[in-house]
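Trainee: I'd like a close look at how the two chains in this model sit together, and then a short tour of a few spots inside them. Could you walk me through it?

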Protein chains: 2
Amino acid sequence: MEIQDLVKRLKQKNDSKVVLFVSDGIGGLAQQPGGKTELETAATPNLDRLAKIGVLGSSIPIKPGITPGSGPGHLGIFGYDPLKHEIGRGVLEATGIGFPVGSDDVCIRCNFCTLDANRNITDRRAGRIPTPESAPLAESLNAVKIPGVEIFVKPVQEHRFAVVFRAAGLGGNVYDTDPQKTGVPPLDPVAMDANDTASLKTVEVAKEFVRQAEKILAGQPKANGLTLRGFAKKPNITPFEEVTGMRPAAIAVYPMYKGLASLVGMTIEGMPKTIDEEINVLEQVWDKYDFFFIHWKYTDSRGEDGNFDEKVKMIEKYDEMVARIEKLGPTVFCSTGDHSTPAVMAGHSFHPVPVLVAGQNVRTDACQCFGETECLKGGLGMFEAMYLMPQLMAFAGRLAKFGA
Amino acid sequence: MEIQDLVKRLKQKNDSKVVLFVSDGIGGLAQQPGGKTELETAATPNLDRLAKIGVLGSSIPIKPGITPGSGPGHLGIFGYDPLKHEIGRGVLEATGIGFPVGSDDVCIRCNFCTLDANRNITDRRAGRIPTPESAPLAESLNAVKIPGVEIFVKPVQEHRFAVVFRAAGLGGNVYDTDPQKTGVPPLDPVAMDANDTASLKTVEVAKEFVRQAEKILAGQPKANGLTLRGFAKKPNITPFEEVTGMRPAAIAVYPMYKGLASLVGMTIEGMPKTIDEEINVLEQVWDKYDFFFIHWKYTDSRGEDGNFDEKVKMIEKYDEMVARIEKLGPTVFCSTGDHSTPAVMAGHSFHPVPVLVAGQNVRTDACQCFGETECLKGGLGMFEAMYLMPQLMAFAGRLAKFGA
């Protein structure tokens, strides 16, 4: 039995409020052996105070040694098995620009390319056409009309754009049309299984889309053709509220995280631009929801930049907000990340992620501050991220007993 | 591969004796942050002495955050995956009154109800008829005769009683007959699947049982009808001895725990009424078995009562018995619980359960006493309860190498 199925069965409602305050990529590494990580270096008086009265642990995003992208990293902390709910590339692209992907949608990553007079590709990336030129071209493709199918075309960056076909009965199992070389025309879209009528329907829609798109783009010097990749439908994820019984709100600055939250059915609240504004939104919507996912991006960004000192500062900014959240009186408060992003690696990593839970029914451990090494002594032990949500619900009294 | 299948394959016999001394609901919570749990508060000189020379750890009864009932809690520490062997409500009811459920049995929880002249229910619980009145009525239903089916009717409490149909080829997938409201007659029993011939057979038996039972009860002022709920067959559990190669004895005061032990094929020894008498039984049967499950109930009971101080005393009583068990010279001794029952929560909880193992081949850790926080430093780490039994067998030299 998958953990979310068990949770769905045992969930019970009450008046508790659960806050999941995510500092993206918070886990880190010391700059030299024996040194301190970014989190251990940062001055985090609020988190340290909660560490004394709460319980700590370490979360393994996927499996030991496996580094997650943002998609599986968040699916895990939302309580889903990230290995059983893969997010296709097309869906991740659409999600990443904040497009609210529905269950009837087929999402596709598209590239502009340059075609010669014989429709052979001369440049697979349309000369890396700059975004100010490519974005209006992508928008212009919204003029494509196919009966019975809603079509959304969204610019992404340079030669990249996203297309969504929306219609009942479309399948997502279609091969890429990028031939991966020049001197040949784009491939025709082909269904992976000749008996998959849903994907065959998508193939017909895709062919017609390309036909009309090439007409619209005709005469463009660089971007007069297109290739389609990563056809994908939304994974079949039971909505968060159906699993947990909690009305979920998501508060984030970046489209990708709003998109990931909306994939599991969270309501996106506000249009905050800073972490202070995020907490303003939290205060405004506090009475309307049971569960709050708040996403802080810049710990990951500075980690990705390889900037240890700046990541430390971003953690300190995050810590400041904890006091504001506490004032709202959450029943259960959790501080963690979706993965580690050690500045010395300048990228996501597989290292366990520090977890702090404070609130009702926690069994306090001997930990005195919030940091990776201290978390190893924590009462939550080391667990896979998908078991975080059942624990938060358990502390909140939102899970009934299994068996009599 | 399920863990018990691996254990079954690798088991080997020797002369070792393994004792699993269960203090039900032993895990707890402090009464305030930074305080001590019931176990940490109790004076446990024997357990603390063993903690120094043994190895500690924390056991997760089911999965992180999941609170177990007694059934799944015990299946776990007996070495079975409690999510894969669910015990149906009817079986648990029969087990709870100590009925030795066999593999041909369909167990049913029954309620007496009050019917009017039109056979409509006027009271779903027969006016909560007191047990002294209801018990003889339940016993009287043993007069029902159905060819080819053995029938056992056992009183439980007030309006509740248990019925077992025993015959080859009966199925357990039958809907409840309680309409959940008054003013209508009891529902007819109906199989969940119209093609399930075994359950259709049970439906016919149930109909005939109700017909005859209503005749017997005719004229009763309160309990002149009945509803049937929680039809269930025994889960298909490989017997403990077949899995482990150990001849198992179970020593318990309460019928529920004798029932759970008998579900996995343990032999129930003695009729002890106190923990001292339980250890007397242990001494008497020591030579006849390889494995001993001894169940101490009152740590859970006082936890359920919300009585911290009394739970502490029950733990101290449990500790006293440890010295007597040690004198018998077990090869491997384990002290743990099936779950936590923090007095401050007055019920079962999901918190990890302290585990202590002393004896042959243990790798001693730095722990100095037996308590939840100390267990976090323990050499067994944090593990799911179903992995306790393979570890006890390993210490006892009862598991062969996997692969060459």
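What rotation, and how much shift along its axis, superposes chain A on chain B?

Mentor: A rotation of 124° does it, with 0.4 Å of shift along the axis and an RMSD of 0.2 Å. So this is the relation of a three-fold axis. The C-alpha of chain A nearest the axis belongs to K377(A), 3.9 Å from it.

Some housekeeping first. This is a predicted model, where local features need pLDDT of at least 70, side-chain atom pairs count only at pLDDT 80 or more, and totals for chains, interfaces and linings use all residues. Residues are numbered from 1 along each chain as its sequence is written, chains are lettered from A and ligands numbered from 1 in the order in which they are written, and side-chain values use heavy atoms, with hydrogens and water left out.

Now the interface. The contact draws on 28 residues of chain A and 31 residues of chain B, with contact meaning heavy atoms within 4.5 Å.

Eight residue pairs, both partners at pLDDT 80 or more, are in polar contact across the interface. (That takes a pair of N or O atoms within 3.5 Å; within protein, one must be able to donate a hydrogen and the other to accept it, and residues adjacent in sequence count only if both atoms are side-chain atoms.) Helix 1 (3–10) and helix 14 (388–395) of chain A each supply at least two residues of the side that touches chain B. Helices (H or I, at least four residues) and strands (E, at least two) are DSSP runs numbered from the N terminus. By class, that side of chain A has 16 nonpolar, seven polar and five charged residues. Nonpolar covers Ala, Val, Leu, Ile, Met, Phe, Trp, Tyr, Cys and Pro, charged covers Asp, Glu, Lys and Arg, and the others, Gly among them, are polar.

Helix 14 of chain B is mostly covered, with six of its eight residues buried: L388(B), M389(B), P390(B), L392(B), M393(B) and F395(B). Buried means under 20% relative accessible area, exposed means over 50%, and partly exposed is in between (1.4 Å probe, protein chains only). G397(B) follows that helix with a positive phi, near 75°.

Back in chain A, helix 5 (89–96) has G90(A), V91(A), E93(A), A94(A) and T95(A) buried. Those residues pack against strands 3, 5, 6 and 7 and helix 9 of chain A. After helix 5 comes G98(A), with a positive phi near 85°.

A loop residue of chain A to click on is N224(A), between helix 7 (197–217) and strand 7 (225–233). N224(A) has a relative accessible area of 16%, so it is buried. Beyond four places in sequence, N224(A) touches C113(A), T114(A), L115(A), E214(A) and L217(A).

In chain B, V210(B) sits in helix 7 and is buried at 11% relative accessibility. Leaving out residues up to four places away, V210(B) touches R119(B), L226(B) and L228(B).

R128(B), a non-glycine residue, has a positive phi near 45°, in the loop between strand 4 and helix 6. R128(B) is partly exposed at 48%. A346(B), also not a glycine, has a positive phi near 50°, and its relative accessible area of 37% makes it partly exposed.

How values were computed:
Least-squares fit on C-alpha atoms with pLDDT ≥ 70 in both.
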